[in-house]
There are 2 protein chains.
Amino acid sequence: MQGEGSESTMTRRDLLRMIGLSAGGAVMYQAMSSLGFAAQSPYKGTPKLEGAPQGASVLILGAGLAGMVVAYELRKAGYKVSVLEYNARPGGRNWSLRGGDTYTELGGRTQHCQFDRGLYFNPGPWRIPYHHRGILDYCKKLGVPLEPFVQINHNAYVHNSNAFDGKPQRYRTINADYRGYTAELLAKSTQQGKLDTPLSKDDQAILLDSLRDWGALDKNYAYVSSPQTSNRRGFDKAPGGGLSGKPISSQPLQFHDVLSSHLWKGLTEGENYEFQTTLLQPVGGMGRIGEAFGRELHGVIRYNAKVTAIQQDEHGVSVTYEDSHHPGSTQKARADWCICTIPLSILSQLPINVGPAMAEAIAAVPYAGTVKVGLQFKRRFWEEDDDIFGGITATDLPINNISYPSCDFNSSGKGVLLGGYLWGLNAYEFTAMDPAERIRRTVEYGAQIHPQYKAEFDNGVAVAWHRSPFTLGCFAAWSDELRDKHYDNLCQIDGRIALAGEHASYLPAWQEGAVTSALDLIERLHQRVMAGGAV
Amino acid sequence: MQGEGSESTMTRRDLLRMIGLSAGGAVMYQAMSSLGFAAQSPYKGTPKLEGAPQGASVLILGAGLAGMVVAYELRKAGYKVSVLEYNARPGGRNWSLRGGDTYTELGGRTQHCQFDRGLYFNPGPWRIPYHHRGILDYCKKLGVPLEPFVQINHNAYVHNSNAFDGKPQRYRTINADYRGYTAELLAKSTQQGKLDTPLSKDDQAILLDSLRDWGALDKNYAYVSSPQTSNRRGFDKAPGGGLSGKPISSQPLQFHDVLSSHLWKGLTEGENYEFQTTLLQPVGGMGRIGEAFGRELHGVIRYNAKVTAIQQDEHGVSVTYEDSHHPGSTQKARADWCICTIPLSILSQLPINVGPAMAEAIAAVPYAGTVKVGLQFKRRFWEEDDDIFGGITATDLPINNISYPSCDFNSSGKGVLLGGYLWGLNAYEFTAMDPAERIRRTVEYGAQIHPQYKAEFDNGVAVAWHRSPFTLGCFAAWSDELRDKHYDNLCQIDGRIALAGEHASYLPAWQEGAVTSALDLIERLHQRVMAGGAV
């Protein structure tokens, strides 16, 4: 998430601020709309590219989403396209592991996934925000069905091993109590005339009404045990039917305990633009998108092709690669243009003759390492015992998250959950372990939240992205400083070579970054080709 | 939602309050757990009933969920069960209308549903909360697959025709701005030492940290235009890829405009226990549950049977009914016991010899009338144009809600949404109209929010529950006063007759009320049978 717009838009924004100050926000909204400012997404459909010069060719490196979007669109525009891909499958980080799959990480350790039929785990991306129109539109075009991904589950847990004796708390409880107590405090200040605000008396009266609603406060603006607050935080005994159906209200926690637990840190995730409802996921695993692209591009992608050098001259680009199963078997491919989607973590180690600005950019960006662990359990105890249907439990333990599957709800039999999604130092520590040890630790930590883990654990897989041979990391970890210095240089077309991928976007780690970077690039490349006729 | 527990639990609660006051909430939580107080649901699985006396028979009136739960469980316990049902189908209010279905309401107007294959509309219940374990367990037993029902969608609208010139606002915008401005106000009061609170200085420091997080405040605890606040409320230009990917932050509304719009009233629905994530729905329509029960009880249910009288004597119960297609064709059924699930709105008009307490209860409870309108559109413009995938738009217009389908996301072709869910006076007004007029008005109102309505509308159905011949209303509208006076009398077993249904529960209008009232009753009935041997 970066800063404000350019100087020219700042001027326009200043105008809007002035309107806002003099005439109120509703007028400003209209002004914003009429200035075309209230738009949501920079994505306006795929660019309409037509009339590629006869025989113009593009060599694409990498059959991840960026590379396949480029191949799909440029082929449609009339270019001769071919793709070199290191893996034996399409998709790159768009990837689902299923029973029968094997995965060999850097260092040679191979895991054999033993999940039951129909169950899967996404080592890479796992959710699609509603505003990621680029990837959503490709799902539509390619016929990949979607279903909701549950991010916030009021009945999942927030957990701090140092609070409440290490007992996990329901999200709904902490959420209701934090909201209620803060609303009560603000209502008190408002009633006592202590607000430091230009709000009129009328607005303050509306504020009080709204706080009662927002915080489930009683008629005196207090947050206390009542049917109303239980209707937020949950009941001691929920309402039911017949003579035994009378509900019993619950008692709010004390505000001191809520504050000092720091569990309020788990309350804002679902408010963030990228995690707001409605999130979506492909039915059957995120990898369904890459697989569908792969089918669409059948015959265009050469698999098991490990690029070893990229060399451009004034007429085109030559790429040297070897069959990844037969190291040393050097082969060459050549085209008029090359679009390279290889992650910078790997590209920075390859010979490539681009100018110094792009070369520096390629070398500059570090890659974040994360670890994700998929665990299969003998039964869906989180649903059966704990009433948790999808969603995420947040914890201060190294596993960070437990994410319950957003599919097969309420079904009998086994289930696979995301047992850990590790970041930072914890990810480094887990990356250094043997996969079996990563899994063992994940089960051990998770059992602090779900004691059922020990009896119900079946098998697991653990992907440490720094050991992934096709990415050497999870995503480009741009800082604001690095972006200021290198981002535009990374995205420029350098002679006959250009880069695309999540690393060439303001959406690092998101598939939408890969898709929109590809679309942005091919529009510019096509313009250059059409202008220069440089075939 | 009713009041506190009984006197004996009050005593226990007083003890808990004392612990809470002297030693802090964390200690209280432990005490609550050890006293068995932190339980969530009164439902602990279906009662294990065994050993019904040889030949003991139960006649069940109504094949809605309550009646079918009773039939399913009592048959398993060894009773001879039979069910009389007015409709030609099982389910009662558990019901989905699909293309080819017809529905004739009181007054004789018949609607022919013209939805495309695979599309449906639920005139009755449409969502299942995660804590409604009774109905969830029957879905599991009967093999009814479930999927998430999206209630809150940050990108759906909140709409007040008198605010913002009648322009709908995105939920995320109002939500972020209300949250941000109230957090800012409370942070200011805290900083200025103006809080009326026993919170320690340390707690106040944590409170300030938490408010920054909660409200997306800047380092000075102000809610202002920034990438951080845009990451809650949305961007003017969202982040993307390549050279065109730089985001532009949005400008918050003015707090006065948010408050005076009263759109904050739409922000708490998803916080309520019954609408919290994760809500679920059966794949293919809520009616799948009733249909599955109907298959399970094949041969047990007699359809098109309109009950006209219920008469008990010391040995059993006789029920008179007629074939609803052949009025006047009187028939009789008799059993040792009768469990009647006929809505009170209808039962109160039938001769039934129960004691005065139950008779008064039956007569006392009014029924709420609601109207639901399903609209088919030629394309899913809410997804394609407005990025709304499922969820609900709330409006002050008579239609009250627009609910977008929580299935077939991102698919091409037509879609059915809930165009209106009317309550109170609006429902009465719509009930008086011809169905075609209800639909016309619903389209007209909805077009104020989605201008696409006019071009894209295809066809619709409108169910006014006060005109439903099998319920004469939507659900039992208990007041606290009525419940105090009549509820227990309604739920007692009166001789050989007992009642079940949502009307005999603390969960009016919810299927879980029907299920748990049935389970509560059959346990008591079985005990009475086994104790009395009164066959």
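**Ground rules.** I am working on a predicted model, where local features need pLDDT of at least 70 and side-chain atom pairs count only at pLDDT 80 or more, while totals for chains, interfaces and linings use all residues. Residues are numbered from 1 along each chain as its sequence is written, chains are lettered from A in the order written, and side-chain values use heavy atoms, without hydrogens or water.

**Cavities.** I searched the whole structure and got 10 cavities of 30 Å³ or more. A cavity is a set of points on a 1 Å grid over the protein atoms alone where a 1.4 Å probe fits but cannot get out; lining residues have an atom within 4 Å of a point. I count 32 lining residues, with I152(A), T277(A), I152(B), H154(B) and T277(B) nearest the centre.

**Helix α13(A).** I looked at residues 424–431 of chain A and found A427(A), F430(A) and T431(A) buried (under 20% relative accessible area, 1.4 Å probe, protein chains only). They span an arc of only 100° around the axis, so they sit on the same side of the helix; the arc uses directions from the helix axis to the C-beta atoms.

**N87(B).** I found this one in the loop between β2 and β3 of chain B. N87(B) counts as buried because its relative accessibility is 11%. Beyond neighbours within four places in sequence, N87(B) contacts Y303(B), N304(B) and F470(B) (heavy atoms within 4.5 Å).

Technical notes. 1 Å grid on protein atoms, 1.4 Å probe; cavity = no way out; pocket = protein on both sides within 12 Å on 5 of 7 lines; lining within 4 Å. Points joined across faces, edges and corners; volume = space filled by probe spheres on them. Buried < 20%, exposed > 50% of the residue type's maximum accessible area, 1.4 Å probe, protein only. Helix = DSSP H or I, 4+ residues; strand = E, 2+ residues; numbered from the N terminus.
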